[in-house]
Structures are given as structure tokens and as C-alpha cells.
Amino acid sequence: MYLWLHAIGVIGELKCGTGSCEVVQASPYARVAGVPVAFFGVVGYVALFVTALVGLQPSFLPKRSVSALLAALATGGLVFTAYLTYLEAFVIQAWCRWCLGSAAVIAVIWVVAVLGLRNGAVAPSQRDSARSLG
């Protein structure tokens, strides 16, 4: 959100502490089709959050579809982030602390989403039945 607000002019100077956020954000790779990359990040995180909240609703808990959607969204986010991180390292040759933080967050979300998909293969009611038999 911070980088998007900066990209649209709401926030003046970037506060990074260390790194080269300004260089990364001023590069031609900071926009896709004229839209700030940070906007895609905001939309992506909102989509992940809403999907996760929907998946927590009791009527969706036994269904695998929401977990699969969450894992797919997280995978897309991780792939896009890996591409952006590659650009930072090998093309722009500058690092943005906010971008690296976002990369770490999406990596954690991806791990949790994939584990949730794997562990959610059995509906909670079936797991409870299996426990009572064992």
C-alpha cells in the first residue's frame, strides 16, 4: 500500500532506511501497462485476504475449492514476485526494502496456502470420524 500511495503521488519521498527503493520505483519496471506494480500487489493481497476469509466460513470449510483458489492466487503472486526480484537483482541492480519484505510475506502466504491445500484434502468431519475410530 505504501509503495502504491507513493506511485500515485499521495506520499512524497520514500522512507527506506537502507536499500535503493527510489531507484527501483523510478525504473521502467515499476509500471506494467502504465499501472504501478505496487497497485497489483495491493489488489493481490486483498484478493488473498478475501479468499482466506471466505474459506474460513463454516459452509466452505469442508470444500477444497477455496483452498485451491487461495493456493493458485498465492502461486501467481509468488511467481510475479520472483520475476520482480529477478529484475531487482540482475536488471535494475538495486534493492527495495519494501519489495523484499513483500517477497517474504508472499512466500510465507504461499507455504501456508499450499500446506492448507494439502492438509485440507480431508474434510474436518471426516478427520473427526477417523480420529474416533483410531
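A contact, as the word is used in this tour, means heavy atoms within 4.5 Å. The structure is a predicted model, in which local features need pLDDT of at least 70 and side-chain atom pairs count only at pLDDT 80 or more, while totals for chains, interfaces and linings use all residues. Residues are numbered from 1 along each chain as its sequence is written, and side-chain values use heavy atoms, with hydrogens and water left out.

**The whole protein**

Helices (H or I, at least four residues) and strands (E, at least two) are DSSP runs, numbered from the N terminus. From that terminus the order is α-α-β-β-α-α-α-α. Of the 134 residues, 22% count as buried; buried means under 20% relative accessible area, exposed over 50%, and partly exposed in between (1.4 Å probe, protein chains only).

**Val 24 and the cores**

Select Val 24 next. Leaving aside residues up to four places away in sequence, Val 24 touches Ala 30, Glu 88, Ile 92, Ala 94, Trp 95, Cys 96 and Cys 99.

Now extend the selection to the largest nonpolar core, which has 10 residues: Leu 3, Leu 14, Cys 16, Cys 21, Val 24, Ala 38, Leu 87, Ile 92, Ala 94 and Cys 96. A nonpolar core is a set of buried Ala, Val, Leu, Ile, Met, Phe, Trp, Tyr and Cys residues joined through side-chain atoms within 4.5 Å. Helices α2 (21-26) and α4 (65-92) each supply at least two residues of this core. A second, separate core of seven residues includes Leu 48, Ala 71, Ala 74 and Leu 117.

**Helix α3**

Select residues 37-55, the 19 residues of α3. The expected span of a helix is 1.5 Å times one less than its number of residues; for α3 this gives 27 Å, and the end C-alpha atoms are 27 Å apart, which agrees. Val 37, Ala 38, Val 42, Leu 48, Thr 51 and Gly 55 are buried in α3. Their cover includes α1 (2-7), β1 (31-32), β2 (35-36), α4 and α5 (97-119).

**The surface patch**

Finally, select Tyr 29, Val 32, Phe 39, Phe 40, Val 43, Phe 80, Tyr 83, Tyr 86, Phe 90 and Val 91, which form a nonpolar patch on the surface. Helix α4 gives the most to this patch, with five residues. Val 32 lies in strand β1 and is partly exposed, with a relative accessible area of 36%. Such a patch is made of residues with over 30% relative accessible area and no salt bridge, its nonpolar side chains (Val, Leu, Ile, Met, Phe, Trp, Tyr) being joined within 5 Å; a salt bridge is a side-chain nitrogen of Lys or Arg within 4 Å of a carboxyl oxygen of Asp or Glu.

Definitions and conventions
Patches are made of residues with over 30% relative accessible area and no salt bridge: like charges are joined within 9 Å, nonpolar side chains (Val, Leu, Ile, Met, Phe, Trp, Tyr) within 5 Å. Accessible areas come from the Shrake-Rupley method with a 1.4 Å probe; for residues, only the protein chains shown count as cover.
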